[in-house]
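Open the model in your viewer and keep the selection tool at hand. We will go from stop to stop, with a short note on what to pick and what is there.

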Amino acid sequence: MDRILSYFDMLPWFPENTSTFGGELDSLFAIIYWISVGIFFLTFGILGYFLVKYRYRHDRRGYNYHGNNVVELTWTVLPTILFAWIGLYSDDIWERTKYSSRLPQADVQVLVMGKTFGWQFLYPGADGEFGRNAYTDRDNCRKLITGLNPFGIDSTDPRSMDDFTTENQFKVPVNANVVMHGSSQDVLHSFFLPHARVKQDVVPGTWMNIWYNIFKTGKFELACAELCGGGHYSMRAEYEVLSKSSYDAWVDKKVAEAIAARSPQPTVAPSADTATVASLTK
Amino acid sequence: MSTATIETATPVAHEEHAHEHHHDLPWYRKYVFSTDHKVIAKQFMLSSLFFLFIGGAFALFIRWQLAYPGKPVPVIGSILPATWVTEPGSGIITPEFYTQLLTMHGSIMIFFVIIPFAAGMFGNFCIPLMIGTDDMALPRLNMWSFWLVPPAGLIMLAGFFTDTGYAAAGWTSYPPLSAMTGLEKFTISGQTLWLISVFLVGFSSIMGAVNYVTTVLNKRAKGMKLFDMPLTVWALFITAILVTLGTPVLAAGLAMLFMDNFLHTSFFLPDNLVTSSKYFGGGQPILFQHVFWFYSHPAVYIMILPLMGIVSDVMATFSRKPIYGYKAMVFAIAGIAFLGFIVWGHHMFQSGMNPLLGTTFMLSTIVIAVPSSIKVFNWLGTLWRGNIKFSTAMLNALAFVSMFIIGGLSGVFMASAPVDIYIHDTYFIVAHIHYVLFGGSLFGIFAGIYYWYPKMYGKMLNERWGRLHFVLTFITFNVTFFPMHVLGLGGHMRRIYDPNVYDFLKGLSDVNEVITIGAIGLGFAQLILVFNVLYSLKKGKRAPRNPWRANTLEWAAPEHPGHGNFDRDITVYRGPYEYSVEGRKSDYWPQWEPGASKTVHHHTVAVEDDSRSFGSH
């Protein structure tokens, strides 16, 4: 029986689930799926049976019967109960996943900005705080957004010294609540993590909450799931889920790089090697 | 003129007079700019079949690219226009042209095939004949309603001649992508032409709808109460109300988007976008989605409800049984139409709108599954204890019911907003769409063509070719679209040019290949229908007046009705589904034939046997 059922089992086609609410989503899918398979066989079975049993023979006649209101009521009420239950059960998961009021306490916060055609990420660095940017200070910093400064970072804010960006790749720690805030700098894009069962359209001009908690380390892919132009198919990014210690080490490394890139160049004492030509000919 | 019965002296004279006058019209008033609803219906059919092949060709290009990314298109690849391919003559489609293909495929199929076929063609052909009248209430408006369609279609196709090519933002044309072209103000792009085209086609729909409502309410034959109308007419009537209420909202959305696209306003464009376009800002992208889907969700019911009505009539005729639960069927159609206006947000679950709306739209969407289920059960009830004839029309109607069950079930998954998080914008959605629009609407359209062709042309379609067309279509249809569920569950996104970019999609390339092979077969199978339609026009067997021995009024008209339709006065004596009535020798009892009956516990019983069926052979 299990072998027969396994032929109709579409669930193995999903990529491997890696997140907490991904597991809930997959379970809900399975419930709806097996109910649908049952309804499919019931209706097709009845259909097939009737088509054979009641096929035309000229010594038979159809049965003039207009219908029965009790029967109608029954097959109205029963599906309503079934579908209403599916709806209410789904809503529980929906609220926990998408309602802002149910956003979990963030272990890690990251900003993500979609563009044609790529993804950029902003981390708050070691201090855990973002400097003023288009997310934290919308009114003042939105106008700072450019192609070179996609997050509208106000670099006069000292807290932004250790904020670092990555392009088309990002890393998160395992078993941690990652809360992202996503936007776009041009057209609609959609932040899609198939393994984590995450999808959220990102809209220019506003920020969307995206959260997930991944329980499996490894390398996975991000795809864009909203048509954004000819290069839509190419908006791929890779992300890595690391152990806490590896993640912290990576953050430290990226912070150091960011600070080094922002610091003024150290002055070198003049020497024969660095003297200007003009001074030599003095 | 066939022999008329007693009561028709003056009306026949009137009909004859009208008939002669009709012969005086020049050919372009009879066949081109005609106000006769039957001619207009055939014009809609011709136009829709033409666009079906164009939209289908675009789909085959898409399928080629998905199965064999980056490989040259076979046979015609080397002669494709240079703007479509990577290098002139390479035959390899570019990613930009790919986005034009998917946009045009969807737009043409929805606006120029299914809606004109379902509402324009069947609405025009069936309504006056099935309610026993001579023509629509507003024949000239009817003519305008058709004549907007071909120019609108050509305007959309004229995108080919612009610098930007065809529209390329999807048939849903979401801004900012559809508004931010980077072009100067007042520059006509393919997208601009698309907006004008859809705006015009909307007017065509509205004109037709106004006509249908007016005709159904005012021109029914004597004795025909509303609940004596066949379900085809009920479905078209309710669909027409949907069209009048919904289409103007689309027009508003398109007008605003046109202004953003062409005049650089900012209804939908927020400020501080990183872009080369100049515009004001302060707009809201999600607003467009609300306005667009407020129409486009009812639009999907516009595309299916008429076919549900047609399938009901075909199934009753070929089961030799009344439709099970006629009044429940009418209320279910009305229920679907009404609920259809409060579910549009289910297209926007992941759009970033307030998730509370996700909850409300999810609950209304899941409820709309109920009237659809009622209809499926009633169709099964119609088959129960019937005497089923498997004509080609019936085969297609049965395919409608069975494929609609699958399409409807897949819809439950996406109605659940959390499940939709994963399957939104994947091929699971594409599978659902095509099961309901092709497996549903298009098979329903085929059923209607095979059923009414004899009345349209006075000739029978070839049944053997009809069966061949059906079998090949049914098989290739499922080979093409069922595996798309698998693609979607694998996470395969929509509208992507090359799935091989992604590791997680690499295992699905065989599935894409199978789908493409099915699609090619499906496309070519449709040539059988076209051939049958054209060949039978001249060489088909002559059709009798009522070849299917059906009850509805259109079969009272002559074999190939002329202007004015009927050759006798029509009075309606009973409902449209009195098949296999007890106490009556004949297994059908046409609505127009006199005779008394009574209802006993859901059965109709003849008061005296009056088996003089006018029109039976």
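The domain bounds used on this tour come from an automatic or database domain assignment. Please keep in mind throughout that this is a predicted model.

**Stop 1: chain A as a whole**

Select chain A and colour it by secondary structure. The chain has six helices and ten strands. Its radius of gyration is 29 Å, while the globule rule gives 19 Å for 282 residues, so chain A is more spread out than a compact globule. Of the 282 residues in chain A, 38% count as buried. Now consider contacts in chain A with a separation of 6 or more: 68% of them join residues 24 or more positions apart.

**Stop 2: the two domains of chain A**

Where they meet, ten residues of domain 1 of chain A are in contact with twelve residues of domain 2 of chain A. What kinds of residue does domain 1 of chain A bring to the side that touches domain 2 of chain A? There are three nonpolar, six polar and one charged.

**Stop 3: a cis bond in chain A**

Zoom in on Thr116(A) and Phe117(A). The peptide bond from Thr116(A) to Phe117(A) is cis, and its omega is near 0°. Most residues other than glycine have a negative phi, and most peptide bonds are trans. To place this stop in the chain, look for the loop between strand S1 (108–115) and strand S2 (118–123) of chain A, where Phe117(A) is found.

**Stop 4: where the chains meet**

Show both chains together. Here 81 residues of chain A are in contact with 85 residues of chain B. On the chain A side, at least two residues each come from helix H2 (20–53), helix H3 (69–98), strand S6 (189–193), strand S7 (198–202) and strand S9 (218–224). Which of the elements of chain A gives the most to this side? H3(A) does, with 16 residues. By type, the residues on the side of chain A that touches chain B are 40 nonpolar, 24 polar and 17 charged.

**Stop 5: the domains of chain B**

Move on to chain B and select domain 1 (1–32 + 544–617), then domain 2 (42–332). The C-alpha centres of these two domains of chain B lie 35 Å apart. The contact between them takes 21 residues from domain 1 of chain B and 21 residues from domain 2 of chain B. On the domain 1 side, the residues divide into eleven nonpolar, seven polar and three charged.

**Stop 6: the largest nonpolar core**

Next, pick Ile333(B) and Ala447(B). Of the 268 residues in the largest nonpolar core, these two touch the most other members. Helix H4 (residues 95–130) of chain B provides the largest share of this core, 23 residues. Stay on Ala447(B) and show what surrounds it: leaving aside neighbours within four places in sequence, its contacts include Ile310(B), Val311(B), Val314(B), Ala393(B) and Phe400(B).

**Stop 7: one side of a helix**

Select helix H6 (residues 149–157) of chain B and look down its axis. Val149(B), Ala152(B), Gly153(B) and Met156(B) are buried in this helix. These residues cover an arc of only 100° around the axis, which puts them on the same side of H6(B). An α-helix has 3.6 residues a turn, so residues three or four places apart point the same way. The buried residues of H6(B) pack against helix H3 (37–67), H4, helix H5 (139–147) and helix H7 (190–218) of chain B.

**Stop 8: backbone details in chain B**

Follow the chain into the loop between H6 and H7 of chain B, where Pro176(B) is found. A cis peptide bond joins Pro175(B) and Pro176(B), with omega about 0°.

Now go to Asp425(B), in the loop between helix H13 (417–423) and helix H14 (427–457) of chain B. Asp425(B) is not a glycine, although its phi is positive, about 60°. Is Asp425(B) buried or exposed? Asp425(B) is buried, with 24 other C-beta atoms within 10 Å.

Finish at Ser580(B), in the loop between helix H17 (509–539) and strand S1 (597–600) of chain B. Ser580(B) has a positive phi near 50°, and it counts as buried, with 24 C-beta neighbours inside 10 Å.

Notes
Residues are numbered from 1 along each chain as its sequence is written. Chains are lettered from A and ligands numbered from 1 in the order in which they are written. This is a predicted model: local features need pLDDT of at least 70, side-chain atom pairs count only at pLDDT 80 or more; totals for chains, interfaces and linings use all residues. Two residues are in contact if their C-beta atoms, placed from the backbone, lie within 7 Å. Helices (H or I, at least four residues) and strands (E, at least two) are DSSP runs, numbered from the N terminus. Ala, Val, Leu, Ile, Met, Phe, Trp, Tyr, Cys and Pro count as nonpolar, Asp, Glu, Lys and Arg as charged, and the others, Gly among them, as polar. A nonpolar core is a set of buried Ala, Val, Leu, Ile, Met, Phe, Trp, Tyr and Cys residues joined through C-beta atoms within 7 Å. A residue is buried if 20 or more other C-beta atoms lie within 10 Å of its own, exposed if 12 or fewer, and partly exposed in between; C-beta atoms are placed from the backbone. The radius of gyration is taken over C-alpha atoms; the globule rule is 2.2 Å times the number of residues to the power 0.38. The arc is that of the directions from the helix axis to the C-beta atoms.
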